[in-house]
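Please examine the sequence and the structure before reading on.

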Protein chains: 2
Amino acid sequence: MSTERMWKDQLYLEFARVGKSLSSPKRLEILDLLSQGPKSVDVLSKTTEMSIANVSQHLQTLLEARLVRFTKKGTFVIYELADPAISDFMLSLHSVCEKQLIEIRRIKAEFLQHNGSAEPIQLDVLLERMERGEVILLDVRPKDEYETDHIPGAISIPIEELEKHLSSLPTGKDIVAYCRGPYCLMSSEAVEIMKTRGINAHRLNEGVHEWRQFTEHLQ
Amino acid sequence: MSTERMWKDQLYLEFARVGKSLSSPKRLEILDLLSQGPKSVDVLSKTTEMSIANVSQHLQTLLEARLVRFTKKGTFVIYELADPAISDFMLSLHSVCEKQLIEIRRIKAEFLQHNGSAEPIQLDVLLERMERGEVILLDVRPKDEYETDHIPGAISIPIEELEKHLSSLPTGKDIVAYCRGPYCLMSSEAVEIMKTRGINAHRLNEGVHEWRQFTEHLQ
DNA sequence: ACGTTATTCAATTGATTAATTGAATTATTG
DNA sequence: CAATAATTCAATTAATCAATTGAATAACGT
């Protein structure tokens, strides 16, 4: 075996450190959740319905690949993505997956239909209507995710509090709800809640990262 | 377990189909080689120094994830990337890996030093000098890779034929050699060969995909 | 110092993966 | 039709991985 072959093998072993992190559905979901903002093990455990020990083990794997880092806050260990570029990378991973695996589109379509979801508003149409002051953009993610990052001009009402705050929404404008992105159902559920109350509401498929990627492509 | 949880699990299992493909160093190398153009199992086997049976099994995994597809040419099965977006994705995967894993830079630096490589020419400097007609850009990859795609203005002299063709190179201009990209040593070796013959030669770190990404960022 | 909360570690178990080896298959040629 | 070349398949083996369970650790509050 030549020294060049050994060098190549060593190099690709390093690349595979990241690759291995992406081989588990659970770790991919954790990375997506952390794209929305830092979270504790407990929060990740509850959101993914995995045991705390299991979440912790997956986080150790992601640490080992340097995709995440942590800070401590009292007894809480707060994990976050090691670099914003990793959420960009997750976007491109999802993009490749959606393009190559038609099963993903089928699964999404089946579930959105099951959820009673109408067609979402197009992002460019939303941006135009926001500029004209015609719509209210509602961020229905947890407030800490909104505080981490959100589409400018959006109002934050976490979905758990939506029922309580419907009366505080401005009247005479359409409402558009968005959440974590194409693989999150909060916006769809929020639209159902508002339609039940007679509010003309739509959902946005994209999340804040997809919005940013979209606006960066316009420049 | 809620239907939403089942839906999420199903979705992420699909994403992990691609993720699993990226967990093997061997498959990552195969994907990089196919980014340079379609290849047969035999060519991949020889280039990666893996057995034909092993290469074939890895290709089945990549097929299963829809990252590659194949055509038949006589007894040859020619594999290629299923979509050009996959080589873009490989660029972003490598970018994340290089950023997060300093070991990669160390391994590269160690080997380029071992290979006697000087500092490469910057891509923007190269493009300026090419525009002024000051340098000859040499593509030292196999000719079929050059024919698949190459940096415009480059001349193709595969490295195995470089010694034979040195006399046909124009005199009075600097030579810049490039190959498959940052994880390929052909350009470094080509520069050594030319310097041995008294030719003022430099290497370019980037390959054709990195060049295209770079020029797309200028627009 | 002790109890509590949050998290990590270690051992175990069952499942999955990677490489090898030899057989089987596919396409071509004479 | 048989031989050849290229590739794939199947079985085996060893290594790795994922989830669970219970213990251990770390930080905080009283």
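A polar contact is a pair of N or O atoms within 3.5 Å; within protein, one atom must be able to donate a hydrogen and the other to accept it, and residues adjacent in sequence count only if both atoms are side-chain atoms. This is a predicted model, in which local features need pLDDT of at least 70 and side-chain atom pairs count only at pLDDT 80 or more, while totals for chains, interfaces and linings use all residues. Residues are numbered from 1 along each chain as its sequence is written, chains are lettered from A and ligands numbered from 1 in the order in which they are written, and side-chain values use heavy atoms, with hydrogens and water left out.

| Protein residue and atom | DNA strand and atom | Distance |
|---|---|---|
| Lys20(A), polar side-chain atom | D, phosphate oxygen | 3.4 Å |
| Arg27(A), polar side-chain atom | D, phosphate oxygen | 3.2 Å |
| Val41(B), polar backbone atom | D, phosphate oxygen | 3.4 Å |
| Gln57(A), N or O atom in the side chain | C, base nitrogen | 3.1 Å |
| Asn54(B), polar side-chain atom | C, phosphate oxygen | 3.1 Å |
| His58(B), N or O atom in the side chain | C, phosphate oxygen | 2.4 Å |

**The surface near each strand**

A residue is near a strand if one of its heavy atoms lies within 4 Å of it. Around DNA strand D there are 24 residues, of which Asn54(A), His58(A), Asp42(B), Ser56(B) and Tyr79(B) come nearest. Sugar and phosphate make up 76% of the atoms of DNA strand D that come within 4 Å of the protein.

Helices (H or I, at least four residues) and strands (E, at least two) are DSSP runs, numbered from the N terminus. At least two residues each of the surface near DNA strand D are supplied by α2 (25–35) and α4 (52–64) of chain A and by α3 (41–48), α4 (52–64) and β3 (76–81) of chain B. The largest share, five residues, comes from α4(B). By class, this surface near DNA strand D has seven nonpolar, twelve polar and five charged residues; Ala, Val, Leu, Ile, Met, Phe, Trp, Tyr, Cys and Pro count as nonpolar, Asp, Glu, Lys and Arg as charged, and the others, Gly among them, as polar.

DNA strand C also has 24 residues around it, and Ser56(A), Tyr79(A), Arg27(B), Asn54(B) and His58(B) come nearest. The element that gives the most to the surface near DNA strand C is α4(A), with five residues.

**How the two chains are related**

**Inside the protein**

Buried means under 20% relative accessible area, exposed over 50%, and partly exposed in between (1.4 Å probe, protein chains only). A nonpolar core is a set of buried Ala, Val, Leu, Ile, Met, Phe, Trp, Tyr and Cys residues joined through side-chain atoms within 4.5 Å. The largest such core has 74 residues, among which Leu59(A) and Leu59(B) touch the most other members. Leaving aside neighbours within four places in sequence, Leu59(A) is in contact (heavy atoms within 4.5 Å) with Ile30(A), Leu34(A), Val41(A), Leu44(A), Val68(A) and Tyr79(A).

Leu162(A) belongs to helix α9 (residues 162–165) of chain A and counts as buried, at 0% relative accessibility.
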